Structure formats: C-alpha cells, structure tokens
Amino acid sequence: MKVVVGSPGTVGGLLLRTGQCLFAGASIAFMVSASGFSSYTAFCYLVASMGLQALWSLGLGCLDTYALRMKRDLHNPILVSLFVVGDWVTATLSLAAACSSGGVSVLFSRDVGYCSAYPLLSCKKFEISVVLAFTTWLFIAMSSLVMFWLLASV
C-alpha cells in the first residue's frame, strides 16, 4: 500500500486523530455547559455522536502511537477496511448531528427569536458547539478520504 499523508501509523494520521478527538471533546464540553441543552433532541444527538467520535479517534490515536513507537505497519488490507467502515460511519453520524444541531441553532437565533426572548438560553454556546462539531467533521472527512484512498490502492 502507498503511504499517504494521514494514513494509519504515521505522524499525520496521529495528528488527524488528535484533532478529531480534541474538537469532539470541545464540542461536547460547550454543549454540556450550556443550560437546557438536554431539552432538545438534536443537541443530545450531537453530544452522543461527538462522544462516539471522540472514543473512536482516541482508540485509533492510541493505535497510531503504538505503531509509531514500535515501528509497526498498519497497512494491512483487513485493518484498513475496518478503519474505512468506522470512519465512514462516524463521519456520517457526525455530519448528521452537526447539521441537525446547526438547524436548531439557526431556528432559535434567527427564525423564532428564542435567543433574544429567553436570555437564559445559552445560544452562543450552542453555536460554538456546532462550529466545533463541523470542524470535527472536516477532520473526519479528511481521514475518511485517506482511508478510502488507501483501500483503493490495494
């Protein structure tokens, strides 16, 4: 298999996984710190999806660290196909969660004016969490495409 920037077992892959994990964790932190987030299904789905993404990225980041320290090659076709499926599933879930939460945030702030009518509603934290979730998805999309490229090059 070709060595592509961001492939498993490389420094680029470790940086992608670290970025995914950090941004997903930050998205969770902002959403959970917002008052009343649990009243809205889209925001709960965002927390669940980002939690899954953080765990997946943390696990693969640990695997990348192990491969770098022990100088192991992770370009096994079966392992890469597992990474492809996992990345595409988490990417789909993360994009769906970010889009639905973004829609609710826009609805609250611009369409119905809940943010100005209810100042106790943490709209800015909702919006920051959604931006962080979309940033997480960008990292996931990059690693998903790298994994797919690796699988196609077998």
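**Salt bridges and burial in a predicted helical model**

User: What makes the contact between the side chains of Asp-87 and Arg-17 a salt bridge?

Analyst: The side chains of Asp-87 and Arg-17 meet at 2.8 Å, N to O, and a salt bridge is defined as a side-chain nitrogen of Lys or Arg within 4 Å of a carboxyl oxygen of Asp or Glu, so the pair qualifies. Asp-87 lies in helix α3 and Arg-17 in helix α1, so the pair ties together parts that are 70 residues apart in sequence. Helices here are DSSP runs (H or I, at least four residues), numbered from the N terminus. This is a predicted model, in which local features need pLDDT of at least 70 and side-chain atom pairs count only at pLDDT 80 or more, while totals for chains, interfaces and linings use all residues. Residues are numbered from 1 along each chain as its sequence is written, and side-chain values use heavy atoms, with hydrogens and water left out.

User: How many salt bridges does a search of the whole structure find, and what makes Lys-124 and Glu-127 one of them?

Analyst: The search finds two. The side chains of Lys-124 and Glu-127 meet at 3.7 Å, N to O, which is within the cut-off and therefore counts. Both residues lie in helix α5, three residues apart, about one turn of the helix.

User: Why is Lys-124 called exposed, and why is Glu-127 called partly exposed?

Analyst: Buried means under 20% relative accessible area, exposed over 50%, and partly exposed in between (1.4 Å probe, protein chains only). Lys-124 has 62% relative accessibility and therefore counts as exposed, whereas Glu-127, with a relative accessible area of 26%, is partly exposed. Asp-87 and Arg-17, by contrast, are both buried.

User: How do you know that the span of helix α1 agrees with its number of residues?

Analyst: The expected span is 1.5 Å times one less than the number of residues, so the 23 residues of helix α1 (residues 11–33) should span 33 Å, and the end C-alpha atoms are 32 Å apart, which agrees. Among the buried residues of α1 are Gly-13, Leu-16, Arg-17 and Gln-20, and what covers the buried residues of this helix includes α2 (41–70), α3 and α5.

Notes
Helix = DSSP H or I, 4+ residues; strand = E, 2+ residues; numbered from the N terminus. Contact = heavy atoms within 4.5 Å.
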